[in-house]
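Visitor: I have a model open and would like to go through it. Can we take it strand by strand, then turn to the helices?

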Amino acid sequence: MGLLKLVIVDDEPILLEGLVKTYDWNGMGYEVVGFAQSGEQALKVIREKKPHVVLTDIRMKQISGLMVMEEIKKENPECQFVVLSAYRDFEYAKKACDLGAFAYLLKPIEDEKLQATMKDVGKICEDQIRNEEKYDRWERLLKKDGDGFLQVVVQKYVQNRLP
């Protein structure tokens with residue numbers, strides 16, 4: 001499987017540059033396909049690049065990381081979010097979880113924690129991709145030979161090989 005697409009969002013330019021350049025994203029299985037310094041930019045980049053994972057700061061001016069997540073999850077529920085925060089605020093963490101964040105990491109980020117999180121979220125994305133590919137194959141098969149497919153399913157059911 002190829003590299004997963006990653007977008008990184010942080011409104012602090014130095015932190016954003018550090019996130020983009022400091023880590024070996026390719027080594028973790030990701031290609032950074034875009035980054036943004038605001039929630040507005042993030043929405044545009046995410047919609048354009050359609051990443052598998054978004055690593056986003058939670059608190060930004062005007063449009064927060066939570067607002068970005070809420071908006072994107074409506075359009076693309078498969079997109080995974082890893083939320084970064086300098087705040088140990090339970091309400092932020094709860095809201096992020098309620099919106100479906102994969103993880104909530106505190107700044108400064110511990111390298112091992114980030115790597116473990118990105119590995120775990122990568123597994124989820126790869127499973128989603130495999131399931132989508134499987135679904136596409138079944139759909140093509142069904143369109144190509146619907147009657148033959150139906151006969152096989154009925155036969156397996158009659159033989160009690162299908163639940």
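Visitor: Which residue in E3 does Val 9 stand opposite?

Guide: Keep in mind that this is a predicted model. Strand E1 covers residues 4-9 and strand E3 covers residues 53-57; four bridges join them, and they run parallel. In E3, the residue opposite Val 9 is Thr 56.

Visitor: In what order do the five strands form the open sheet?

Guide: The pairing is parallel. From one strand to the next, the twist averages 20 degrees. The order is E2-E1-E3-E4-E5.

Visitor: Which strands stand at the edges?

Guide: Look for strands with a single partner strand. One side of each is left without a neighbour in the sheet, because each has a single partner. They are E2 (30-36) and E5 (103-106).

Visitor: How many of the six residues of E4 are buried?

Guide: Take the two faces in turn. In a regular strand, side chains alternate between the two faces of the sheet. On one side of E4, Gln 80, Val 82 and Leu 84 are buried; on the other, Phe 81, Val 83 and Ser 85 are buried too. The number of buried residues in E4 is six of six.

Visitor: Helix H5 lies across which strands?

Guide: H5 spans residues 111-144. The helix runs at about 160 degrees to E4. The strands it lies across are E1, E2, E3, E4 and E5.

Visitor: And at what angle to E1 does helix H1 run?

Guide: H1 takes in residues 13-22. This helix lies across E1, E2, E3 and strand E4 (80-85). Its angle to E1 is about 160 degrees.

Visitor: What about Val 158: buried or exposed?

Guide: Val 158 is in helix H6, residues 146-158. With Leu 150, Val 154, Tyr 157 and Leu 162, Val 158 makes a nonpolar surface patch of about 500 Å². Its relative accessible area is 65%, and exposed means over 50%. Therefore Val 158 is exposed.

Notes: Residues are numbered from 1 along each chain as its sequence is written. This is a predicted model: local features need pLDDT of at least 70, side-chain atom pairs count only at pLDDT 80 or more; totals for chains, interfaces and linings use all residues. Side-chain values use heavy atoms; hydrogens and water are left out. Patches are made of residues with over 30% relative accessible area and no salt bridge: like charges are joined within 9 Å, nonpolar side chains (Val, Leu, Ile, Met, Phe, Trp, Tyr) within 5 Å. Accessible areas come from the Shrake-Rupley method with a 1.4 Å probe; for residues, only the protein chains shown count as cover. A salt bridge is a side-chain nitrogen of Lys or Arg within 4 Å of a carboxyl oxygen of Asp or Glu. Helices (H or I, at least four residues) and strands (E, at least two) are DSSP runs, numbered from the N terminus. Buried means under 20% relative accessible area, exposed over 50%, partly exposed in between (1.4 Å probe, protein chains only). Two strands pair if DSSP finds at least two bridges between them. Axes are lines fitted to C-alpha atoms, for helices over the stretch in contact, and angles run from 0 to 180 degrees between N-to-C directions. Contact means heavy atoms within 4.5 Å.
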